[in-house]
Amino acid sequence: MTVELRHLRYFVAVAEHLSFTRAARQLHVAQQSLSQQIGALEGGLGVRLFDRDTRGTRLTDAGEAFLPEARAVLARAEAAVTVVRRAGRGEIGHLDLAFLASTANYMMPPVVRALRERFPGIELTTHNGQIDELVAGLRDGRFDAAFTRPPLVADLAIRTLATEPVCAVLPVGHPLADRAELHLADLADENWVLTPRESWPPWHEKYDRDFAAAGITPRVVQRASGVSNLLGLVAAGVGVTRLARSARSIRRTGVVFVPLAGDRAETVIAWLPAHDRPVRRNLLDVAADLAATSDLTRWG
């Protein structure tokens with residue numbers, strides 16, 4: 001005989017009430033059926049679990065020994081059901097989150113904090129890197145979601161979380177550093193430092209369109225990977241560059257950020273729709289709530 005959970009529930013009910021009548025009432029089953037199931041359980045185990053006589057129903061020694069074990073199995077089964085239901089709702093599980101290096105300083109703390117507060121059962125692993133690494137990780141399933149900047153690629157879904165001004169980044173003391181606002185055309189005669197074109201071609205294609213619309217061809221004197229390296233080159237007087245305003249959180253000395261008229265940058269959460277997971281759906285909800293209630297590009 002295979003002992004099933006219903007047999008254990010019936011046994012525990014009778015053991016707790018020491019009455020087949022009351023146990024049957026609690027279980028919403030016929031008393032005759034309950035008696036048959038307990039008889040089948042005893043027959044399968046090869047022991048008597050209850051003594052029944054005119055004085056009532058009592059547990060045998062075997063029944064006394066079996067009761068805590070049956071309760072433990074039922075509790076473990078209930079716990080398993082709770083866990084699987086929570087996992088189905090995305091309340092527990094694991095998320096691998098990636099952050100573009102230039103957004104990690106201001107984006108990672110509020111996102112991680114909010115997710116842990118709302119879903120403490122979700123375990124997080126965070127990564128930060130360059131755009132090509134993030135896109136590759138999303139596509140091959142290493143990352144569940146990435147906080148980055150567009151343009152990306154067609155097979156990734158995105159949701160905009162924040163927009164902010166794009167600024168010309170100038171060295172301290174530059175003749176244009178005290179201006180309240182600039183246009184790209186104002187920087188036509190400047191030396192430029194930019195990231196390598198191969199680092200993420202979609203970004204550079206957008207740069208090319210923006211520079212062409214401003215009627216200038218930037219004189220690029222050096223290329224460097226990473227926002228911190230670009231800022232260091234600007235501070236050293238090698239050239240100027242163009243970055244989202246939140247990059248000020250990375251370097252505060254030696255450079256000046258001047259907004260570029262009409263130029264805005266987006267921060268988005270990106271994911272691969274083909275890899276749908278309940279925990280990621282909850283992350284998207286948390287990120288959307290943060291975007292609606294907070295300035296995610298705020299810097300100290």
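In this predicted model, R139 and D155 form a salt bridge whose closest N and O atoms are 3.0 Å apart. Because R139 belongs to helix α6 and D155 to the loop between β5 (145-148) and β6 (157-171), the pair ties together parts that are 16 residues apart in sequence. R139 is partly exposed, at a relative accessible area of 44%, and D155 is likewise partly exposed, at 35%.

The whole structure contains 18 salt bridges.

| Salt bridge | N to O distance |
|---|---|
| R139 and D155 | 3.0 Å |
| R58 and D53 | 2.9 Å |
| E91 and R89 | 2.8 Å |

In the pair of E91 and R89, the values are 22% for E91 and 45% for R89. Beyond these pairs, salt bridges link K206, D210, R242 and D263 in a network.

D96, in strand β3 (residues 93-100), is buried but has no salt bridge. Why does D96 have no salt bridge? A salt bridge requires the nitrogen and the carboxyl oxygen to lie within 4 Å, whereas R277, the nearest side chain of opposite charge, is 6.4 Å away. The side chain of D96 does make a polar contact of 3.5 Å with that of H94.

The largest pocket holds about 610 Å³ of space. Its lining comprises 32 residues, with R149, W203, Y207, R242 and L243 nearest the centre. By class, 15 lining residues are nonpolar, nine polar and eight charged. Among the elements that each supply at least two lining residues are α7 (201-213) and β10 (255-271).

Notes. Residues numbered from 1 in each chain as written. Predicted model: local features only at pLDDT ≥ 70, side-chain atom pairs only at ≥ 80, totals over all residues. Heavy atoms only, no water. 1 Å grid on protein atoms, 1.4 Å probe; cavity = no way out; pocket = protein on both sides within 12 Å on 5 of 7 lines; lining within 4 Å. Points joined across faces, edges and corners; volume = space filled by probe spheres on them. Helix = DSSP H or I, 4+ residues; strand = E, 2+ residues; numbered from the N terminus. Nonpolar A, V, L, I, M, F, W, Y, C, P; charged D, E, K, R; others polar. Buried < 20%, exposed > 50% of the residue type's maximum accessible area, 1.4 Å probe, protein only. Lys, Arg positive; Asp, Glu negative; His and termini not counted. Polar contact = N/O pair within 3.5 Å; in protein donor to acceptor, adjacent residues only side chain to side chain.
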